[in-house]
Amino acid sequence: MQDILASFGTLLAPMTLLVIILSTALGIVLGAIPGLSGGLGVALLLPITFGMPPEVGLAMLVSIWVGGVSGAMIGSILLGIPGSPSAIATCFDGYPMTRNGQAVKALGAAITASFIGTFLSILIAMAASPLMARLALKMGPWEYFSLGFCAISLVAALSRGSVFHGLAAAALGLILASVGFAPIDGYPRFTFGNIYLNGGFDLIPLMLGFFALKQIVQDYARGQQQVPEVDASDIKGFGVTWKEYRDNTWNMIRSFMIGLWIGFLPGMGAALSNMVAYAQAKSASKHPEKFGKGCVDGVFASETSNNASVGGSLIPMVALGIPGDGVTAILLGGLMIHGVQAGPLLFNNNPEIVYALFLTALIAAVLVLVMQFWGMRLFPAILKIPYHYLYPAIVVLGFMGVFVGSSTAFNYVLLLGFAGLGLAMDKLRLPIGPFILAFILAPMLELNLRRGMTYTDDGILPFFTRPISGLLLFAAVLSIVSPFLMPWLRSLRRARQGG
């Protein structure tokens, strides 16, 4: 308790608190801009922290990260363009709500869900880091492969259209993700002598191509450039009724647990958790047909889970010295630069650093709630900008975003190519969700599949015989066959009742 109070006193120093406030605001802005993210801000500002005390430097980086994860939902809801992969599922219902004139309500639901996910996950991380990290450490490549396969199968089975369309989209994502150097042996695949393909396809041009450029082309082709009417004058509080909060209580609890669990599994993160939580919310809903058309339940699920991954991903970094995702890898580098070694001894050697990190995230979560609450009535003003000004600005930001990520003009070609692929997939009724999830998880899937097959002489057998791995594979198969089994079981039940 003495270490916590000492760390809290350090963070409340005027200069440190000012750094946290400004960094949180910067994170929200970076998260909201398509192609940028809080993670990019953490990477860019890491060199600035070298001359700062460790507590202040880490406070700056953590604040940007927390603001960026929450800020990504602004673009998803208002423009249908996720600020980062962690907000992809927020697009599915957030943007249709904006189309229906419910932008403020969607923002209010996302803001409260973001705060709940971040704040509670950090509290749990503070209390349960050692225990949960030991549990994750017991999982081998067999369990990681099965978890990823289960997630893809679940999203594919619950996606728009038939199961076959979902599986076909997921297969396409796996194929495109195999371009570039293979894991373990480094053999180049499908590069055709192009050096720009050696590292595979970048996620940023894929994301902006599918959600920005494709959306603009579709809107112009369909003549949907009208500005949705958003009246925020009579909105009270967060624009969400208490009944909607009550109805989504279990939805948020379930999504929170999904985000926390996936977050602290090394190599996973918010990009996966928001998709899985959305699929689970749709599966458990009494009205799944409303999802994708402007259902606030989908916004609650996505935003609770992706922000819960913040606290979850800090657990392996602090307790094991293993980054939970790309941003925590940068934070881990920041700790090492300041002479702090993350791992099991961190709580004993540098407890003030650990608690400063957790407390900064809590303070940033409260600041994000306050900033976004006062800004949620101003954010829809973006929609007042005429589309013949807004769309060119989005295109320019998209092209800037793909260049900033890699500093290569080849990403411009990828941006256009993925936009064309997205239009073709819409024409063929292939859902985008399974495709993107498979693309994100493919490197982890292949790496753990090859590791699992080489660690023992039993080949693929351990994937089925290890309890957790076997259970996850069974759940994956069940999610695929259940759409075919359920109608048959219902007809059988009706036949028995009629007989």
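How many helices and strands does the secondary structure of the chain come to? The chain has 21 helices and two strands. Helices (H or I, at least four residues) and strands (E, at least two) are DSSP runs, numbered from the N terminus.

This is a predicted model, in which local features need pLDDT of at least 70 and side-chain atom pairs count only at pLDDT 80 or more, while totals for chains, interfaces and linings use all residues. Residues are numbered from 1 along each chain as its sequence is written, and side-chain values use heavy atoms, with hydrogens and water left out.

**Figure 1. The whole chain.** Of the 499 residues in the chain, 55% are buried. Buried means under 20% relative accessible area, exposed means over 50%, and partly exposed lies in between (1.4 Å probe, protein chains only). Contact means heavy atoms within 4.5 Å. Among contacts in the chain with a separation of 6 or more, 78% join residues 24 or more positions apart.

**Figure 2. Helix 2 and helix 4.** Two packed helices are described by the angle between their axes and the distance between the axes. Axes are lines fitted to C-alpha atoms, for helices over the stretch in contact, and angles run from 0 to 180 degrees between N-to-C directions. Here the axes of helix 2 (residues 14-32) and helix 4 come within 6 Å and cross at roughly 30 degrees. Helix 2 is therefore roughly parallel to helix 4. Angles under 35 degrees count as roughly parallel, over 145 as roughly antiparallel, 65 to 115 as roughly perpendicular and the rest as oblique. The crossing of helix 2 and helix 4 is right-handed. A crossing is right-handed if the near helix is turned clockwise from the far one by less than a right angle, and left-handed if anticlockwise. Helix 2 contributes residues including Thr16, Val19, Ile20 and Ser23, and helix 4 contributes residues including Val56, Ala59, Met60 and Ser63. By class, the contact of helix 2 with helix 4 has eleven nonpolar, ten polar and no charged residues. Ala, Val, Leu, Ile, Met, Phe, Trp, Tyr, Cys and Pro count as nonpolar, Asp, Glu, Lys and Arg as charged, and the others, Gly among them, as polar.

**Figure 3. Ser70 in helix 4.** Ser70 lies in helix 4 (residues 54-79). Is Ser70 buried or exposed? Ser70 is buried, because its relative accessible area is 2%. Its side chain makes a polar contact with the side chain of Gln372 (3.2 Å). A polar contact is a pair of N or O atoms within 3.5 Å; within protein, one must be able to donate a hydrogen and the other to accept it, and residues adjacent in sequence count only if both atoms are side-chain atoms. Leaving out residues up to four places away in sequence, Ser70 touches Ser114, Glu303, Asn307, Val368 and Gln372.

**Figure 4. Helix 8 and helix 19.** The axes of helix 8 (residues 163-177) and helix 19 (residues 432-455) come within 7 Å and cross at roughly 45 degrees. The two helices are therefore oblique to each other. Helix 8 passes helix 19 in a right-handed crossing. Residues of helix 8 including Gly166, Ala169 and Ala170 meet residues of helix 19 including Pro434, Phe435 and Ala438. The residues of this contact divide into twelve nonpolar, two polar and no charged.

**Figure 5. Gly433 in helix 19.** Gly433 lies in helix 19. With a relative accessible area of 8%, Gly433 is buried. Its C-alpha atom is separated by 9.9 Å from that of Gly173, 260 residues apart along the chain. Not counting residues up to four places away in sequence, Gly433 touches Phe92, Val155 and Met275.

**Figure 6. Helix 7 and helix 12.** Helix 7 (residues 141-157) and helix 12 (residues 270-284) pack at an angle of about 45 degrees, with their axes 9 Å apart. These helices are therefore oblique to each other. Their crossing is left-handed. Ala151, Leu154 and Val155 of helix 7 make the contact with Leu272, Met275, Val276, Ala279 and Gln280 of helix 12.

Figure 7. Most residues other than glycine have a negative phi. Phe190 has a positive phi, near 55 degrees. Phe190 sits in the loop between strand 2 (188-189) and helix 9 (203-222). Arg429 also has a positive phi, of about 60 degrees. Arg429 lies in the loop between helix 18 (410-427) and helix 19.
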